[in-house]
Amino acid sequence: MNPAAKLIMSDTMSLQLLPRWITVQRDEDPETVAFLSGAALATLDTVLRDPNGTLPCALLRDRMALDSAVACLKLEGRNEPGSDIRDAVCLARAGDRLGPAGEMFMGWRKLVRINLGVSGWMGRVENALPTALAHEAVSILGSPSGTPVGQASDILAELLPRFPREEAGALMLADVALARAVGWDRPVPLLGAHMVRRDIRAIATGAGEPRLFVHRAMVAACDTAIRLAADLDLRVAKLRSVAPKLRAKGSDAALALFLSHDAVSPSCMLSPMIQGTLMPMTDRAARRLCDRLVELGVVRELTGRPRFRLYGV
């Protein structure tokens, strides 16, 4: 491991946060903002490559996908709380209509689960995008060139003036381009939750420099991602530590869902079959398992409701 990675990761501590000299700087000089953005992105890159092998990257991306859905819905004038969006997706049965909020979350969730290193990834990106922008994916992502932030900002500068009502799709494509340029195997929703309305409107109308706006958003996005990663790293370590204490049949498969999903529904995802497996679990056993994890302090009930509960790390 190189010295920089050792400063960010340790066996006894959670991930360390971005240094203050990156996060408190308010200089609007383009060169300074670009330097801070690069430092923040390089730090996040080291965190996500996870030399200790403990960071729940799938869970991190899923939770960030929810944050991006909330932010993109606000851009469309919809103030949907994350709890309502979570309900729309996690409590839906096969064939249920998710509504605009649920569809937004599902779009981001599909995007962050695409493996960019296997054949057919472009088609899966197209399927995750809003219909209006699906046909733009090949031409926009087909011949990348330039720095990670440069590629992302060029995509926004190309698409937002042409599709002013498709901010979410443009941000999705920008995040895919950024991930490919950095060398991540899956998209990480950074710009989706951190490009502010003012800067998006400025790019759409040709006012201002897109790269400055993206660099500025990148510092905030990386800071938020690393803070969330540090929190999840600690929580998941506690969850893994109690695994030997669980006697329920299928508990290992159930815990795998908690390590990859923002929220788990006992009735929809654990019963009658643990999602993604052929392992049965009764509704009663699913509820008892979730209650046991709450009792052990490694999982939280997310809704505060007596029924239709959701649980997450």
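Biologist: Let's start with F35. Which helix is F35 found in?

Modeller: F35 sits in helix α3. Keep in mind as we go that this is a predicted model.

Biologist: Is F35 buried or exposed?

Modeller: F35 is exposed, because its relative accessible area is 54%, and the cut-off for exposed is over 50%.

Biologist: And S37, where is its place?

Modeller: S37 is in helix α3 too, which covers residues 30-49.

Biologist: Buried or exposed, that S37?

Modeller: S37 counts as buried, because its relative accessibility is 0%. Buried means under 20%.

Biologist: What does S37 touch, if we skip residues up to four places away in sequence?

Modeller: S37 touches V149, H215, M218 and V219.

Biologist: OK, R86 then. Which residues in α4 meet G82, I85 and R86 in α5?

Modeller: On the α4 side you'll find L66, V70 and L73. By class, this contact of α4 with α5 has four nonpolar, one polar and one charged residues.

Biologist: At what angle do α4 and α5 pack?

Modeller: The angle is about 115°, and the axes are 10 Å apart. Here α4 is residues 57-75 and α5 is residues 82-90. That angle makes α4 roughly perpendicular to α5.

Biologist: Left-handed or right-handed crossing?

Modeller: The crossing of α4 and α5 is right-handed.

Biologist: What about α5 and α6, how do their axes cross?

Modeller: They cross at roughly 80° and come within 8 Å, with α6 being residues 99-112. So α5 and α6 are roughly perpendicular to each other.

Biologist: Which residues meet there?

Modeller: From α5, I85, A88 and V89 meet A101, G102, F105, M106 and R109 in α6. Sorted by class, the contact of α5 with α6 has six nonpolar, one polar and one charged residues.

Biologist: New topic: the largest nonpolar core. Which residues touch the most other members?

Modeller: Those are L141, L190, M195, F258 and L293, out of 100 residues in that core. Helix α14, residues 210-242, gives the largest share of this core, with 15 residues.

Biologist: Pick M195. What is M195 in contact with, leaving aside neighbours within four places in sequence?

Modeller: M195 is in contact with L156, L171, I200, I203, F213, V214 and A217.

Terms used. Residues numbered from 1 in each chain as written. Predicted model: local features only at pLDDT ≥ 70, side-chain atom pairs only at ≥ 80, totals over all residues. Heavy atoms only, no water. Axes fitted to C-alpha atoms, helices over the stretch in contact; angles between N-to-C directions. Helix = DSSP H or I, 4+ residues; strand = E, 2+ residues; numbered from the N terminus. Parallel < 35°, antiparallel > 145°, perpendicular 65-115°, else oblique. Left-handed = near helix turned anticlockwise from the far one by under 90°. Contact = heavy atoms within 4.5 Å. Nonpolar A, V, L, I, M, F, W, Y, C, P; charged D, E, K, R; others polar. Core = buried A, V, L, I, M, F, W, Y, C linked by side-chain atoms within 4.5 Å. Buried < 20%, exposed > 50% of the residue type's maximum accessible area, 1.4 Å probe, protein only.
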